[in-house]
Amino acid sequence: MECGLSPIVGFRFSLYPMADDFVSVIKGALELTDTSNVWMHTDDVSTVIRGKQIHVFNVAKAIALHAAKTGKHIALSGTFSAGCPGDTAGDAYLEKGENIANTDATKQYVSSQFALYPMNNPSYMDIIYREVDRAKEQGVFNESMHYASGIHGDIHDVFAFYEEAFSNVRSEEHKHLVMTVSMSINSPSHGGL
């Protein structure tokens, strides 16, 4: 199998509400999000969404925001991927237009970390440093750390950065791209931000 430049993007993630009623928080966030532009499947470990990049990022942000609006401390961990050699177009909803389905503009502070993996690219560190520099320019960079880079700010700015970073690297025809993201929302350690 070979990596490709398919327009399919996927996001497999797990949502962890720090609350006794975690099931209702997770199910509520999934039910309140308009997922009509993506293919979605949830199992006992994670949820995967697949489709056009614009819709995958839109749905991912909406799910995180709906969970956050419960006021509970939420952790989200997931992996965006494009160009995977094992991917198939059969359930990817590629015929959908460009109009996004979720437009909630509610402000929400997010502290997060990301790691970018342009697969099979000998210049991968140059690519990563470039996107980290762009995060600094956009005011969403938080800190350098082992195995990741800290990104924080309003959820809309954070997701905009992540989607743009993903687009930038994909536009250079890096055939298989993986980006991991971990988020903390409504944490007591955020000090009321």
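Where is the place of His-55? His-55 lies in helix H2.

## Basis of the model

This is a predicted model, in which local features need pLDDT of at least 70, side-chain atom pairs count only at pLDDT 80 or more, and totals for chains, interfaces and linings use all residues. Residues are numbered from 1 along each chain as its sequence is written, and side-chain values use heavy atoms, with hydrogens and water left out.

## Overall fold

The protein has four helices and eight strands; helices (H or I, at least four residues) and strands (E, at least two) are DSSP runs, numbered from the N terminus. From the N terminus on, the order of elements is β-α-β-β-α-β-β-α-β-β-α-β. The radius of gyration is 16 Å, close to the 16 Å that the globule rule gives for 193 residues, so the protein is as compact as a globular protein of that length. That radius is taken over C-alpha atoms, and the rule is 2.2 Å times the number of residues to the power 0.38.

Along the principal axes, the C-alpha trace spans about 45 × 40 × 30 Å. Of the 193 residues, 47% are buried (under 20% relative accessible area, with a 1.4 Å probe and protein chains only). Among contacts (heavy atoms within 4.5 Å) between residues at least 6 apart in sequence, 81% join residues at least 24 apart.

## Surroundings of His-55

His-55 is buried, with a relative accessible area of 1%. Leaving aside neighbours within four places in sequence, His-55 is in contact with Asn-37, Val-38, Lys-96, Gly-97, Glu-98, Asn-99 and Ile-100.

## Packing of H2 with H1

Helix H1 (residues 22-32) packs on helix H2 (residues 53-68) at an angle of about 130 degrees, with the axes 8 Å apart. Axes are lines fitted to C-alpha atoms, for helices over the stretch in contact, and angles run from 0 to 180 degrees between N-to-C directions. The contact joins Val-25, Ala-29, Leu-30 and Leu-32 of H1 to Ile-63, His-66 and Ala-67 of H2.

## Packing of H2 with H4

The axes of H2 and helix H4 (residues 155-171) come within 11 Å and cross at roughly 155 degrees. That makes H2 roughly antiparallel to H4. On the H2 side, the residues in contact include Phe-57, Ala-60 and Leu-65; those of H4 include Phe-159, Tyr-162 and Phe-166.

Technical notes:
Buried means under 20% relative accessible area, exposed over 50%, partly exposed in between (1.4 Å probe, protein chains only). Angles under 35 degrees count as roughly parallel, over 145 as roughly antiparallel, 65 to 115 as roughly perpendicular and the rest as oblique.
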